[in-house]
Amino acid sequence: MVPLRKKKKRKYNRKIFKITLIVIAFVFFTITFSSLYIYSRTRHITVSLTENLKRLPVVMEELSKVVPEASQIFDSDGQLIAIIHLGERRFYTQLKDISPYLIKAVVAMEDIRFYTHYGIDLRGIIRALWVNLRERRIAEGGSTITQQLARDLFNLTLEKTFDRKIQEIVIAWQLEKEYSKDEILEMYLNIYFLGEGNYGVEAASRYYFGKASSDLTLSEAALLAGIFKAPSLLNPKANYEASVERMKIILDIMLKNEIISEKEYYDALENKPQLKTLEETFSPSVQYFVDYVKSYLQTMLPREVIFGGGLKVYTTLDQKIQSNLESALNFELDKLVKNKVIKEVKDNKDVRQPQGAMIALNPRTGDIMGMIGGRDYKETPLNRVFSLRQPGSTFKAFVYSAAFESKLVTPLTILDSEPMTLDTPKGPWSPTEYVRVEGKKFYGPMDIRDALVRSSNIVAVKVGLAQGLKEVISYARAMGITSRLEEVYSLPIGSNDVTLFELSFAYSPLANGGYKVEPRPVKNIITSNGVVVREFTTVKGRVIKEETAYVLTDILKDVAKRELSGGLKVTFPAAGKTGTSDKHRDAWFVGYTTDLLIGVWTGSDEENPQINSLYNTGLFAQKIWQRAIVPYLTNKEVLDFVKPDSVEEKMICIDSKLLSTSACPTGKIKREIFMPSTAPKELCPLH
């Protein structure tokens with residue numbers, strides 16, 4: 001038995017010896033052949049290689065200028081609400097801000113000796129040469145992370161040729177000479193394509209897991225590292241099971257090389273990554289505001305800078321009020337459908353009708369705090385905040401601003417709500433009233449306060465004609481109405497189309513003491529490196545007197561504080577005005593406090609008598625306003641509107657419309673305010 005065993009051993013040793021000689025000879029001749037081939041090909045590739053080496057400094061600081069980087073949009077609290085890009089998602093991130101798990105996983109899988117070689121891994125090359133000889137083709141390249149970076153930075157062909165490999169090796173050597181290992185790894189992790197339009201680990205982390213790369217768990221990091229091998233096939237969106245199998249391989253390698261502990265290994269295997277795109281965390285309704293911000297930015301910056309400049313755009317959006325707008329609009333409209341007040345229908349674009357729109361802003365600063373352009377952005381991205389509609393009685397604010405400021409009328413001026421007919425180029429026109437008393441079509445004699453609170457059309461037309469339609473248009477323009485206004489008799493009752501956006505901002509002077517404020521959706525824009533591109537401050541200018549704003553607001557307080565059936569009670573200082581257009585197609589309410597103004601519109605995109613029934617009035621729009629603003633301001637201090645010293649406040653006898661005396665019955669006395677020098681001076685002679 002012993003001789004037999006010895007004979008086998010000698011035979012086995014001779015076999016190993018022969019294989020070793022063959023391998024040594026193979027390595028020697030392969031290296032010699034490769035060297036000769038490289039030398040012979042050097043002249044052929046000298047020109048392109050030289051050009052690439054000249055471009056080498058265009059990395060690191062210059063990289064963000066060369067490679068488009070996605071921009072980010074944040075709300076007023078600094079919370080990310082949108083990512084915008086040119087089709088490729090990129091976010092340059094420093095190595096220190098990337099999860100150590102991810103760094104270790106990528107190095108372990110792509111280049112385990114990355115920190116010990118000089119850009120070229122000879123062991124890897126020998127292994128690749130052996131595979132290539134066995135396959136009789138260039139099947140493996142043995143590329144290091146530095147070589148892969150060289151290939152990506154200079155767009156070297158992916159074809160496995162010796163020409164490309166020579167360029168790759170020489171550029172890799174130069175990269176190692178110019179930059180530290182960490183700098184090279186940082187560049188690599190930031191520019192590599194990782195599937196689904198994502199370039200770099202930050203973009204991929206946000207896209208696949210809905211989080212920053214710094215927050216990745218071990219399992220998430222390993223799965224992400226696996227994408228480098230084949231981005232189109234191994235990304236979890238394309239093939240989750242394959243990506244998990246790749247993750248397991250990487251975890252095995254990390255454990256084998258003692259990069260992670262056994263506990264970390266088994267914990268990672270037990271907690272498979274859950275996919276969640278960052279965009280899925282954004283509220284769909286915010287997209288209306290985001291679309292507006294994008295169009296706003298394009299008025300001042302080139303498109304490639306906005307979408308590819310890696311900007312951080314900090315907006316004025318308040319997510320709490322934004323949420324309130326969305327829930328209030330849908331709650332009230334859904335309730336109408338549920339209670340069978342209306343029958344919800346879909347138009348020829350498959351969009352539910354009726355629709356609605358809302359905007360919230362700070363009337364002192366112009367900050368746009370919220371914006372809803374419809375009931376559901378996914379169903380209808382049309383932003384109705386910018387749709388032209390008849391404003392109805394909300395336009396009366398401009399009529400009375402002009403009339404109070406010119407002292408044409410005071411809150412006590414008596415005018416008659418009575419039948420009237422005016423001749424127009426299109427024939428006789430008679431304004432109508434919406435009297436909520438059965439059997440009555442007109443209100444009769446009434447003072448201006450009552451006329452405005454009850455929204456008398458006839459009184460508004462009389463005041464507008466007495467003031468002069470050109471003057472009314474002038475005030476509307478000064479306060480913020482930009483749409484075309486025709487000088488027609490129906491102008492004072494809102495027959496000209498305007499947008500909810502301009503109407504809401506045109507009410508700002510009433511809330512802030514007479515100043516028109518420019519819309520401010522963005523606070524500042526900075527680059528990814530922290531350089532301030534632009535800061536936006538409040539831009540405003542006086543357009544009406546503070547006394548005018550206060551007197552009109554004092555009257556509109558009576559509108560805002562009225563209690564509506566099913567509405568939320570307003571217990572804080574607020575003012576507002578309702579509006580309803582012809583045939584109830586449009587319903588409006590613009591309501592405000594000193595710091596928050598909300599405009600509401602509801603109606604159908606196209607005229608639909610089935611939907612635009614009597615439900616669609618300014619009172620319905622006011623309910624929506626109440627549901628949005630009351631919860632937001634609950635438990636918050638809401639300051640009252642400041643009365644200018646020059647505004648006169650008097651106690652008036654209701655019967656005589658003159659100053660009350662001690663003889664006037666208590667129930668016949670009311671408080672009234674007046675523009676300077678317009679209050680009555682005579683005492684009541686009736687009591």
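Let's start with one residue. Lys-346 counts as exposed, because its relative accessibility is 53%. The cut-offs are these: buried means under 20% relative accessible area, exposed means over 50%, and partly exposed is in between, with a 1.4 Å probe and protein chains only.

A word on the model. It is predicted, so local features need pLDDT of at least 70 and side-chain atom pairs count only at pLDDT 80 or more, while totals for chains, interfaces and linings use all residues. Residues are numbered from 1 along each chain as its sequence is written, and side-chain values use heavy atoms, with hydrogens and water left out.

Back to Lys-346. What does Lys-346 form with Asp-350? The two form a salt bridge, and their closest N and O atoms are 3.8 Å apart. A salt bridge here is a side-chain nitrogen of Lys or Arg within 4 Å of a carboxyl oxygen of Asp or Glu. Asp-350 counts as partly exposed, at 48% relative accessibility.

How many salt bridges are found in the whole structure? The search finds 34. Let me show you two others.

Take Asp-640 and Lys-557. Their closest N and O atoms are 2.8 Å apart, in a salt bridge. Asp-640 sits in the loop between helix 23 (618-633) and strand 21 (648-653), and Lys-557 sits in helix 22 (residues 546-560), so this pair ties together parts that are 83 residues apart in sequence. On helices and strands: both are DSSP runs, numbered from the N terminus, with helices being H or I of at least four residues and strands E of at least two. Asp-640 is partly exposed, at 40% relative accessibility. Lys-557 is buried, at 16%.

Next, Asp-558 and Lys-561. This salt bridge has its closest N and O atoms 3.6 Å apart. Asp-558 is partly exposed, at 23% relative accessibility. Lys-561 is exposed, at 53%. Both residues belong to a network of salt bridges. Its members are Asp-447, Arg-449, Asp-554, Asp-558, Lys-561, Glu-649, Lys-657, Lys-670, Arg-671 and Glu-672.

Is Thr-553 buried or exposed? Thr-553 counts as buried, at 1% relative accessibility. Leaving out residues up to four places away in sequence, Thr-553 touches Leu-510, Ala-575, Tyr-592 and Phe-641. Contact means heavy atoms within 4.5 Å.

Now for helix packing. Two packed helices are described by the angle between their axes and the distance between the axes. Axes are lines fitted to C-alpha atoms, for helices over the stretch in contact, and angles run from 0 to 180 degrees between N-to-C directions.

First pair: helix 3 (residues 100-110) and helix 9 (residues 218-226). Their axes are 8 Å apart, and they pack at an angle of about 40°. That makes helix 3 oblique to helix 9. The scale goes like this: under 35 degrees is roughly parallel, over 145 roughly antiparallel, 65 to 115 roughly perpendicular, and the rest oblique. The crossing is right-handed. Handedness works this way: left-handed if the near helix is turned anticlockwise from the far one by less than a right angle, right-handed if clockwise.

Who meets whom? Helix 3 brings Tyr-101, Leu-102, Ala-105, Val-106 and Glu-110, and helix 9 brings Leu-218, Ala-221, Ala-222, Leu-224 and Ala-225. By class, that gives 9 nonpolar, no polar and 1 charged. Ala, Val, Leu, Ile, Met, Phe, Trp, Tyr, Cys and Pro count as nonpolar, Asp, Glu, Lys and Arg as charged, and the others, Gly among them, as polar.

On helix 16, the contact uses Lys-396, Val-399, Tyr-400, Ala-402 and Ala-403. On helix 18, it uses Asn-457, Val-459, Ala-460, Val-463, Gly-464 and Gln-467. The classes are 7 nonpolar, 3 polar and 1 charged.

Last stop: covered helices. In helix 8 (residues 201-209), 9 of 9 residues are buried. Among them are Glu-202, Arg-206 and Tyr-208. Gly-210 follows helix 8, and its phi is positive, near 70°. In helix 7 (residues 181-191), 9 of the 11 residues are buried, so helix 7 is largely enclosed by the rest of the structure. Lys-181, Glu-186 and Asn-190 are among those buried residues.
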